[in-house]
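Hello,

Here is the structure I promised to pass along. Please open it next to this message, and my notes follow below.

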Amino acid sequence: MNGSTALPPWLPTAPCTPGRCAAHPETGRDDPAERAGAVLAAARLAAGIGAVLVGVLLAPAAGLLPAAARLALVRSWVRAVVRAFGVRVRYEGAADAVTGPLLVVANHVSWLDIPLVAAVLPGRMVAKTEVRRWPVLGTLAALGGTLFIDRDRLRALPATVRAMSGVLADGGRVVVFPEGSTWCGRARGRFRPAAFQAALDSGSAVLPVRIDYRPTGAAAYVGDDPLGASLWRVVTARRMVASIRILDPISSVQYPDRRALAAAAERAVARPTVARPTVPEPTVPEPTVLRPTAPQPTVAKDSANLSSLSVHQRVSSRPTAASSFRTPA
């Protein structure tokens with residue numbers, strides 16, 4: 001997705017490539033199951049693109065709504081877009097429990113990351129300036145208040161950080177992918193510290209978010225991967241599940257500088273999920289049936305049926321790939 005042009009040396013890159021990291025569907029088989037799968041994939045692709053276009057048409061009218069109603073509409077729309085592409089989503093953690101200005105930081109795997117995070121933690125996204133020129137999606141990004149960053153101009157970075165700080169200082173929320181590049185999910189990149197300066201300047205908390213996909217590789221949008229190829233992999237994947245895990249917020253007051261704060265958020269996102277132990281259902285003894293000498297009606301036995309605790313299933317880590325969003329340090 002970056003083209004073949006040379007990138008400035010300060011930009012982060014990932015070793016992931018479409019051929020090595022992304023899962024490409026098999027082709028060439030001519031059987032009913034293969035044809036049926038292609039028909040279903042085409043239907044998903046049409047439904048997903050249609051859902052995106054509906055958002056473009058409704059965007060001007062949505063801008064006239066009160067803030068709360070507009071956010072509710074956006075959340076419903078992005079969920080519908082993801083579902084239309086055939087992706088099931090599992091959210092873990094309580095997004096509504098965290099209030100106040102937040103710098104939301106997440107690992108970056110796919111273009112799907114953006115609607116998935118927006119569905120539960122809507123805020124001002126940070127994206128490269130090239131996104132503004134994308135057909136349809138660029139218009140939506142601009143209407144959604146995206147903060148665009150010019151990756152090729154290192155001198156423009158402080159202005160972007162100041163804009164992020166201003167949003168946070170006003171009580172808003174900013175969403176950034178500080179790896180600066182998409183990775184395939186099996187590996188992750190280092191969190192670049194530049195964006196974390198905005199949290200320090202505004203005294204805002206940092207909210208780490210971990211994103212995983214199953215099957216690993218199908219959602220990855222890496223390297224010079226064309227958007228069309230990525231879309232086709234997503235709609236042809238069988239039972240794709242995205243897991244969004246909202247972690248505990250990190251106070252920026254606890255860390256002396258942006259590098260320490262970035263490292264803390266990176267550790268939180270990279271930390272493997274600890275499986276929740278299964279709690280056995282308590283055994284309730286049956287009540288003793290008394291049998292007096294005098295004839296009496298039989299006392300019916302009583303047993304307790306206690307529901308077992310539900311356990312969230314976790315999605316395996318996904319490879320991370322080279323670059324849909326890049327933030328120089």
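Does Trp111 count as buried or exposed, and at what relative accessibility? Trp111 has a relative accessibility of 14%, so it counts as buried, the cut-off being under 20%. Please keep in mind that this is a predicted model.

**Aromatic pairs**

The count of aromatic pairs comes to two. One of them brings together Phe85 and Trp111: their ring centres are 5.5 Å apart and their planes stand at 75 degrees, so this pair is edge-to-face. Distant parts of the chain are linked here, since the two residues are 26 apart. Phe85 sits in the loop between α3 (67-84) and β1 (88-92), while Trp111 belongs to the loop between β2 (102-106) and α4. Phe85 is buried as well, with a relative accessibility of 3%.

Phe191 and Phe196 also pair up, with 6.4 Å between ring centres and 25 degrees between planes, so they count as stacked. Both Phe191 and Phe196 are buried.

**Helix α4**

Helix α4 covers residues 113-120, and seven of its eight residues are buried, so the rest of the structure largely encloses it. The buried residues are Asp113, Pro115, Leu116, Val117, Ala118, Ala119 and Val120.

**Packing of α2 against α8**

Helix α2 (residues 32-62) packs on α8 at an angle of about 120 degrees, and the axes are 8 Å apart. That angle makes α2 oblique to α8, and their crossing is right-handed. On the α2 side, the contact involves Ala38, Ala41, Ala42, Arg44 and Leu45; from α8 come Leu231, Trp232, Val235 and Thr236. By type, the contact residues of α2 and α8 divide into seven nonpolar, one polar and one charged. As you look at the spacing along each helix, recall that an α-helix has 3.6 residues a turn, so residues three or four places apart point the same way.

**Backbone points to look at**

Most residues other than glycine have a negative phi, and most peptide bonds are trans. Two places here are worth a look on that score. The peptide bond between Arg214 and Pro215 is cis, with omega about 0 degrees; Pro215 is in the loop between β7 (205-214) and α8 (227-236). Arg239, although not a glycine, has a positive phi of about 55 degrees. Arg239 lies in the loop between α8 and β8 (241-246), and at 63% relative accessibility it counts as exposed.

Best wishes

Terms used
Residues are numbered from 1 along each chain as its sequence is written. This is a predicted model: local features need pLDDT of at least 70, side-chain atom pairs count only at pLDDT 80 or more; totals for chains, interfaces and linings use all residues. Side-chain values use heavy atoms; hydrogens and water are left out. Buried means under 20% relative accessible area, exposed over 50%, partly exposed in between (1.4 Å probe, protein chains only). Helices (H or I, at least four residues) and strands (E, at least two) are DSSP runs, numbered from the N terminus. Rings of Phe, Tyr and Trp (its six-membered ring) pair if their centres lie within 6.5 Å; planes under 30 degrees apart count as stacked, over 60 as edge-to-face and the rest as tilted. Axes are lines fitted to C-alpha atoms, for helices over the stretch in contact, and angles run from 0 to 180 degrees between N-to-C directions. Angles under 35 degrees count as roughly parallel, over 145 as roughly antiparallel, 65 to 115 as roughly perpendicular and the rest as oblique. A crossing is left-handed if the near helix is turned anticlockwise from the far one by less than a right angle, and right-handed if clockwise. Contact means heavy atoms within 4.5 Å. Ala, Val, Leu, Ile, Met, Phe, Trp, Tyr, Cys and Pro count as nonpolar, Asp, Glu, Lys and Arg as charged, and the others, Gly among them, as polar.
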